[in-house]
Amino acid sequence: MGLRWFLATVHLLALGIGLGAVWVRAQALSGRLDQDGLRRVFSADTWWGIAAALWISTGLWRLLGSTDKAADYYLSNHVFWTKMALLLGILAMEVRPMVTLIRWRKAVAAGAVPDTSVAGRLARVSRGQAVLVVLMVLAAAAMARGLGAR
């Protein structure tokens with residue numbers, strides 16, 4: 001019971017961290033990108049990455065470790081597959097922001113000013129990811145109520 005509770009708790013906390021972080025990243029990318037603005041972007045991006053690591057690690061542990069429900073429950077549930085498709089969408093959308101923000105971090109660390117001309121696009125991507133996170137929550141709530149189970 002203790003491990004099951006712990007994994008579920010961390011999985012849910014990661015939701016709050018991640019949704020907040022990706023929204024703050026979008027807002028920071030839409031604002032002034034001076035030194036303080038870039039620090040806000042990088043901080044939010046770091047928390048978004050931490051949340052992703054927590055979601056994925058606890059989710060895999062819950063799935064493969066059968067700590068909550070048997071793996072067959074998830075694998076035969078169409079709502080689970082919808083949730084996974086949404087996660088893949090988030091991950092696919094993250095490629096450009098991740099690569100761009102790594103470049104920006106390197107530039108700032110080298111004392112240079114990064115080219116932030118794509119910030120508006122990255123902000124839109126972040127907002128889109130926030131929407132997908134909310135849809136994942138809806139799918140998770142549906143699964144918790146037994147929807148999609150065969």
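**Exercise 1. The fold**

In what order do the elements of the chain run from the N terminus on?

Solution. This is a predicted model, where local features need pLDDT of at least 70, side-chain atom pairs count only at pLDDT 80 or more, and totals for chains, interfaces and linings use all residues. Residues are numbered from 1 along each chain as its sequence is written, and side-chain values use heavy atoms, with hydrogens and water left out.

Step 1. Use the element rule: helices (H or I, at least four residues) and strands (E, at least two) are DSSP runs, numbered from the N terminus.
Step 2. Count them. The chain has five helices and zero strands.
Step 3. Read off the order: α-α-α-α-α.
Step 4. The C-alpha trace spans about 55 × 25 × 20 Å along its principal axes.

**Exercise 2. Helix H1**

Find how far H1 reaches, and what its buried residues pack against.

Solution. Step 1. The expected span of a helix is 1.5 Å times one less than its number of residues.
Step 1. H1 has 29 residues. From first C-alpha to last, H1 reaches 42 Å, close to the 42 Å expected.
Step 2. Buried means under 20% relative accessible area, exposed means over 50%, and partly exposed lies in between (1.4 Å probe, protein chains only). The buried residues of H1 include Leu7, Val10, His11 and Arg25.
Step 3. A contact means heavy atoms within 4.5 Å. The buried residues of H1 pack against H2, H4 and H5.

**Exercise 3. Valine 41**

Is valine 41 buried or exposed?

Solution. Step 1. Locate valine 41: helix H2.
Step 1. Valine 41 counts as buried because its relative accessibility is 0%.
Step 2. List its contacts. Leaving out residues up to four places away in sequence, valine 41 touches Arg25, Ala28, Leu29, Leu33 and Leu101.

**Exercise 4. A nonpolar surface patch**

Which residues make the nonpolar surface patch of about 480 Å²?

Solution. Step 1. Patches are made of residues with over 30% relative accessible area and no salt bridge; like charges are joined within 9 Å, nonpolar side chains (Val, Leu, Ile, Met, Phe, Trp, Tyr) within 5 Å. A salt bridge puts a side-chain nitrogen of Lys or Arg within 4 Å of a carboxyl oxygen of Asp or Glu. Accessible areas come from the Shrake-Rupley method with a 1.4 Å probe; for residues, only the protein chains shown count as cover.
Step 1. The patch is made by Ile56, Leu60, Leu64, Leu88 and Leu91.
Step 2. H2 and H4 each supply at least two of its residues. The largest share, three residues, comes from H2.
Step 3. Check one member. Isoleucine 56 is in helix H2. Isoleucine 56 counts as partly exposed because its relative accessibility is 34%.
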